[in-house]
Amino acid sequence: MIKAILFDLDGTLLPMDTEAFISTYMSELAARVSHIVSPDIFTKALWNGTKAMMSDTNSTITNEKVFEAVFLKETGLKKEDIWPELDEFYITTFPSFSYLCHSQPIARHIVEEAVKKQYKIAVATNPVFPKAAIHHRLEWAGISDIPFDLVTVYEESTFTKPHKQYFESIAQQLDVHPSECVMVGNDKQEDMAASLSGMKTFLIEGCVIDRGKPQYAIDAKGSLDDFFLMLKRDQGIFSS
């Protein structure tokens with residue numbers, strides 16, 4: 001019996017061209033701090049810090065601290081030298097990237113239906129961004145006012161997708177068993193890896209990301225409209 005629904009954000013509740021978004025984000029951020037560190041050094045440190053978060057499985061250290069350690073070591077900077085600039089960037093510049101995404105009313109209808117049916121709901125976006133950046137993306141999707149039970153952000157999370165522990169941690173925080181959850185996402189590797197924990201999976205088509213391998217179990221797939229009908233009618237994964 002499904003008791004909780006985990007929603008990916010980018011490409012799922014918030015359709016976007018991920019490559020275009022990341023390219024714009026990286027170039028704009030590097031330019032913003034170019035008076036502190038060269039764009040080449042900054043970009044390399046940012047990527048390596050992100051890779052460190054993606055590979056780390058130490059449950060006692062937040063993703064933020066993992067990133068911070070690698071990033072500061074590679075740039076040779078102290079936190080107080082650059083963090084205020086990064087924080088300001090997420091407040092003033094990041095919101096302007098909304099043009100790279102487009103909200104769909106169906107996303108809000110889905111989440112509202114889940115709340116109505118009393119499912120526990122989580123925004124299971126890969127927690128490699130600060131809380132401020134994720135909040136802006138929730139605003140772009142038109143769902144920032146929804147009372148989610150959990151939103152994974154890098155300041156509070158200790159795992160990332162596609163690690164099994166990431167999904168298990170969310171289930172634990174929602175006080176449900178992984179088998180009582182369904183992960184809804186568009187990434188065949190990062191999101192469908194939820195099946196490793198025993199979760200059901202629903203692949204949202206339209207902005208599918210598929211790196212080829214590994215391949216994980218997909219219990220159902222379709223558009224956001226298809227998922228909404230299944231949820232509303234208690235069909236498919238919700239009736240099994």
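# Close-up views of the predicted model

View 1. Helices (H or I, at least four residues) and strands (E, at least two) are DSSP runs, numbered from the N terminus. The model is predicted, so local features need pLDDT of at least 70 and side-chain atom pairs count only at pLDDT 80 or more, while totals for chains, interfaces and linings use all residues. Residues are numbered from 1 along each chain as its sequence is written, and side-chain values use heavy atoms, with hydrogens and water left out. Although Asp234 is not a glycine, its phi is positive, about 55 degrees. Asp234 has a relative accessible area of 37% and is therefore partly exposed (buried is under 20%, exposed over 50%, partly exposed in between; 1.4 Å probe, protein chains only).

**View 2. Asp175 after helix H7.** Helix H7 is followed by Asp175, which lies in the loop between H7 and S4. The phi of Asp175 is near 60 degrees, a positive value in a residue other than glycine. With a relative accessibility of 64%, Asp175 counts as exposed. Most residues other than glycine have a negative phi, and most peptide bonds are trans.

**View 3. Two cis peptide bonds.** The bond from Lys161 to Pro162 is cis, with omega near 5 degrees; Pro162 belongs to the loop between S3 and H7. Lys213 and Pro214 are likewise joined by a cis peptide bond, with omega about -5 degrees. Pro214 occupies the loop between strand S5 (200–204) and strand S6 (220–222).

**View 4. The buried residues of helix H7.** In H7 (residues 164–174), the buried residues are Tyr166, Phe167, Ser169, Ile170, Ala171 and Leu174. Their cover includes four strands: S1 (4–7), S2 (120–123), S3 (150–151) and S4 (181–185).

View 5. Rings of Phe, Tyr and Trp (its six-membered ring) pair if their centres lie within 6.5 Å; planes under 30 degrees apart count as stacked, over 60 as edge-to-face and the rest as tilted. This rule gives 23 aromatic pairs. Phe21 lies in helix H1 (residues 18–32) and Phe97 in the loop between helix H4 (79–92) and helix H5 (105–116), so the pair ties together parts that are 76 residues apart in sequence. Phe21 is buried at a relative accessible area of 1%, and Phe97 is buried at 2%.

**View 6. Stacking of Phe67 on Phe71.** The rings of Phe67 and Phe71 form a stacked pair, 5.4 Å centre to centre with 20 degrees between the planes. Because they are 4 residues apart in helix H3 (residues 63–75), about one helical turn separates Phe67 from Phe71. Both Phe67 and Phe71 are buried.

**View 7. The ring cluster around Tyr25.** Phe21, Tyr25, Phe89, Tyr90, Phe94, Phe97, Phe129 and Trp140 are linked into a cluster by ring pairs. With residues up to four places away in sequence left out, Tyr25 touches (heavy atoms within 4.5 Å) Leu46, Phe89, Tyr90, Phe94, Phe97 and Phe129.

**View 8. The protein chain as a whole.** The chain contains 8 helices and 6 strands, in the order β-α-α-α-α-α-β-α-β-α-β-β-β-α along the sequence. Its C-alpha trace spans about 55 × 35 × 35 Å along the principal axes. Of its 240 residues, 52% count as buried. Among contacts with a separation of 6 or more, 68% are between residues 24 or more positions apart.
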